[in-house]
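The following exercises are to be worked through with the sequence and the model at hand. Each task is followed by a solution in steps.

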Amino acid sequence: MSNELISKKDLLDLTGISYGQLYRWKRKNLIPEEWFIRKSTFTGQETFFPKEKVLERIDKIQSMKETLSLDELAERLSPLSAAGVELSKNELLKRNIVTNKSLELYVTENGMTESFPFDQLLKVFILDKLLSSGDISLDEGRMLLQVLKEASGTLGQSKHELLLIRKLGVTSCLLVNGAENIIVDQGSKVTVRLSVMSCIEELKTNL
């Protein structure tokens with residue numbers, strides 16, 4: 001995910017929303033507090049946002065606000081609102097939420113389960129997203145599942161980002177919390193940087 005920032009003025013101009021709308025959405029937690037980044041400039045203090053994240057969020061809000069109230073939108077975008085979701089393997093496949101390949105790998109690594117509560121479903125969804133895009137191999141998928149397993153109970157409760165770093169053909173998988181900038185040595189390359197919160201929102205939309 002890009003670390004490029006956009007100023008508040010440019011954001012309002014680009015999206016056509018008003019200052020009042022922006023801060024009303026902030027009060028409703030539709031736009032997270034931590035996305036409002038205060039920085040010093042030659043004109044004083046200005047507010048910036050993570051460009052890719054905030055534009056995606058505003059597009060989502062605008063597309064849904066005609067059919068949902070702001071409170072309903074906040075509920076939809078909150079990771080906690082999916083806590084009671086539980087689906088069987090057949091339901092997941094029938095609704096094309098994940099592929100059989102990802103489910104089989106998850107079951108192989110974690111054991112057979114009759115149904116998938118949301119925390120397990122999120123792990124399969126992240127795995128499937130990266131396998132389907134070709135960003136990771138099956139071996140890297142196993143490594144990913146081990147890292148996600150270590151984070152059980154806290155995944156999605158903070159600003160977690162998933163990183164895959166490759167160096168000389170060797171892959172490392174990291175789950176970081178609140179890292180604004182990731183700096184690696186010259187021989188390493190960050191091949192995947194994925195927001196867990198974005199995955200939660202995407203998964204809930206699919207559900």
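**Exercise 1: a turn and its hairpin**

Leu168 has its place in the loop between E6 and E7. (Helices, H or I with at least four residues, and strands, E with at least two, are DSSP runs numbered from the N terminus.) The model is a predicted one: local features need pLDDT of at least 70, side-chain atom pairs count only at pLDDT 80 or more, and totals for chains, interfaces and linings use all residues. Residues are numbered from 1 along each chain as its sequence is written, and side-chain values use heavy atoms, with hydrogens and water left out.

Task: Determine whether Leu168 is buried or exposed, and state what its phi is.

Solution.
Step 1. Leu168 counts as exposed because its relative accessibility is 79%. (Buried means under 20% relative accessible area, exposed over 50%, and partly exposed in between, with a 1.4 Å probe and protein chains only.)
Step 2. The phi of Leu168 is near 55°, a positive value in a residue other than glycine.
Step 3. Leu168 belongs to the turn of a hairpin formed by E6 and E7, with two residues between these strands.

**Exercise 2: the sheet around the hairpin**

Task: State in which order the strands of the open sheet of three strands lie, and which strands stand at the edges.

Solution.
Step 1. The order is E7-E6-E8, and the pairing is antiparallel. (Two strands pair if DSSP finds at least two bridges between them.)
Step 2. Strand E7 (170–177) and E8 stand at the edges; each has a single partner strand, so one side of each is left without a neighbour in the sheet.
Step 3. On average, neighbouring strands of this sheet are turned by 20° against each other, direction ignored. (Axes are lines fitted to C-alpha atoms, for helices over the stretch in contact, and angles run from 0 to 180 degrees between N-to-C directions.)
Step 4. E6 and E7 pair over eight bridges in the antiparallel sense, and Leu163 stands opposite Leu174 in E7.
Step 5. Strand E6 (residues 160–167) and E8 run antiparallel and are joined by seven bridges; Glu161 stands opposite Ser195 in E8.
Step 6. Helix H9 (residues 196–206) lies across E6, E7 and E8, at about 45° to E8.

**Exercise 3: a side-chain link in the sheet**

Task: Find where Arg193 lies and which side chain a polar contact of 2.7 Å joins to that of Arg193.

Solution.
Step 1. Arg193 is part of strand E8 (residues 188–195).
Step 2. With a relative accessible area of 12%, Arg193 is buried.
Step 3. Its side chain is joined to that of Glu161 by a polar contact of 2.7 Å. (A polar contact is a pair of N or O atoms within 3.5 Å; within protein, one must be able to donate a hydrogen and the other to accept it, and residues adjacent in sequence count only if both atoms are side-chain atoms.)

**Exercise 4: aromatic rings**

Task: State how many aromatic pairs there are, and which residues form one aromatic cluster.

Solution.
Step 1. Rings of Phe, Tyr and Trp (its six-membered ring) pair if their centres lie within 6.5 Å; planes under 30 degrees apart count as stacked, over 60 as edge-to-face and the rest as tilted. By this rule there are four aromatic pairs.
Step 2. Tyr23 and Phe36 form a tilted pair, with 5.4 Å from centre to centre and 50° between the planes. Tyr23 lies in helix H2 (residues 19–27) and Phe36 in the loop between H2 and strand E2 (37–41), 13 residues apart. Both Tyr23 and Phe36 are buried.
Step 3. Phe36 and Phe49 form an edge-to-face pair, 4.7 Å centre to centre with 70° between the planes. Phe49 is in strand E3 (residues 44–50) and Phe36 in the loop between H2 and E2, so the pair ties together parts that are 13 residues apart in sequence. Phe49 counts as buried because its relative accessibility is 0%.
Step 4. Tyr19, Tyr23, Phe36 and Phe49 form one aromatic cluster.
Step 5. The charged end of Lys26 sits over the ring of Phe36, 4.5 Å from its centre. (A charge sits over a ring if NZ of Lys or CZ of Arg is within 6 Å of the ring centre and within 35 degrees of the ring normal.)

Definitions and conventions. Contact = heavy atoms within 4.5 Å.
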